[in-house]
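Student: Could you walk me through reading helix packing and charge pairs in a model like this one?
Tutor: Happy to, let's take them in turn.

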Amino acid sequence: MNFALPMKHNRGKALVTHAVLMTYTLIALFPIFVVIINSFKTRKAIFNDPLALPTAETFSLVGFEEVLLRSEFGLFFSNSLIVSVVSIFFVLLLGAMMAWALTEYSFKGNMLIGILVAMGIMIPIRLGTVSILELMSNLHLVNTLWALIFVYIAQGLPLAVYILSEFIKQVPKELKEAARCDGVSEIKIFFTIILPLIRPAMATVAVFTMIPIWNDLWFPLILAPSDGNQTITLGVQQFIGQYVTDWNSVLASLTLAIVPVLILYMIFSRQLIRGLTSGAVK
């Protein structure tokens with residue numbers, strides 16, 4: 001039998017797939033590339049040729065000096081980091097516990113909770129901005145980081161529960177039943193057996209949760225606009241004026257803001273890939 005034609009067909013299909021993915025990757029990374037290279041250039045060079053790489057004549061760190069020395073970027077960065085880390089922690093913990101309860105136990109209201117979780121994914125949380133602002137005002141949480149943390153936890157939980165539920169369903173029942181036969185409590189089963197086995201899914205949820213939180217401008221502008229509670233995305237706005245914009249500082253701030261996301265991806269990249277590809281090969 002001649003297997004040459006099927007092999008050539010599969011190889012051609014793979015080349016087309018890789019070409020499409022590479023094209024999409026370049027398109028997605030192009031804006032980030034432009035931001036980074038222009039953050040190291042003078043203002044004049046940015047407008048003369050925004051796509052050119054920095055040279056000895058155009059290289060400048062004035063944007064970074066302005067951001068780090070003459071603004072409260074450290075405060076903005078720490079606020080974003082605190083909000084992101086605390087929100088992700090509770091999204092992962094509460095999401096995993098809720099997913100465990102929905103998939104492992106049958107009780108009245110199980111289906112209703114599942115429907116509410118699905119609605120949380122489909123309906124944008126920003127539609128409830130007015131109600132959220134009123135609630136935070138009644139709780140005296142406006143202009144505090146806790147207001148942002150509570151909103152981001154509510155925003156990230158539905159997707160976390162959906163993803164983690166699918167992974168928990170794949171955990172063999174024999175492991176759980178064996179632990180129960182040995183007298184292990186349900187809490188210990190969850191923390192010592194379930195959580196270690198769904199680490200790839202939790203890494204996926206962590207990345208998908210952090211990026212919208214880190215880049216969000218809407219809720220920081222509405223719930224925590226005071227000087228001491230501004231996040232990076234809101235703090236960068238001080239460099240954007242009605243008539244004059246300090247583009248060096250804006251681009252430098254955006255470049256520094258990209259760093260934590262890259263670090264998070266490098267830390268969880270292996271787990272993230274495992275989480276995304278889990279179940280693709282049977």
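Tutor: Start with contact, which means heavy atoms within 4.5 Å. This is a predicted model, where local features need pLDDT of at least 70, side-chain atom pairs count only at pLDDT 80 or more, and totals for chains, interfaces and linings use all residues. Residues are numbered from 1 along each chain as its sequence is written, and side-chain values use heavy atoms, with hydrogens and water left out.

Student: Which residues of H4 meet H10?
Tutor: Helices are DSSP runs (H or I, at least four residues), numbered from the N terminus. On the H4 side they include Phe 77, Leu 81 and Ile 88, and their partners in H10 include Met 202, Ile 213 and Trp 214. The residues of this contact divide into 12 nonpolar, 4 polar and no charged.

Student: And how do I read a salt bridge?
Tutor: Side chains of opposite charge can pair when their charged atoms come close. The rule asks for a side-chain nitrogen of Lys or Arg within 4 Å of a carboxyl oxygen of Asp or Glu, and the count here comes to 6.

Student: What does Glu 104 pair with?
Tutor: Glu 104 forms a salt bridge with Lys 176 (2.9 Å, N to O). Glu 104 lies in helix H4 and Lys 176 in helix H8 (residues 173-181), so the pair ties together parts 72 residues apart in sequence. Arg 180 also bridges to Glu 104, at 2.9 Å, N to O.

Student: Is Lys 176 buried or exposed?
Tutor: Buried means under 20% relative accessible area, exposed over 50%, and partly exposed in between (1.4 Å probe, protein chains only). Lys 176 is buried at 5%, while Glu 104 is partly exposed at 21%.

Note on methods. Helices (H or I, at least four residues) and strands (E, at least two) are DSSP runs, numbered from the N terminus. Ala, Val, Leu, Ile, Met, Phe, Trp, Tyr, Cys and Pro count as nonpolar, Asp, Glu, Lys and Arg as charged, and the others, Gly among them, as polar.
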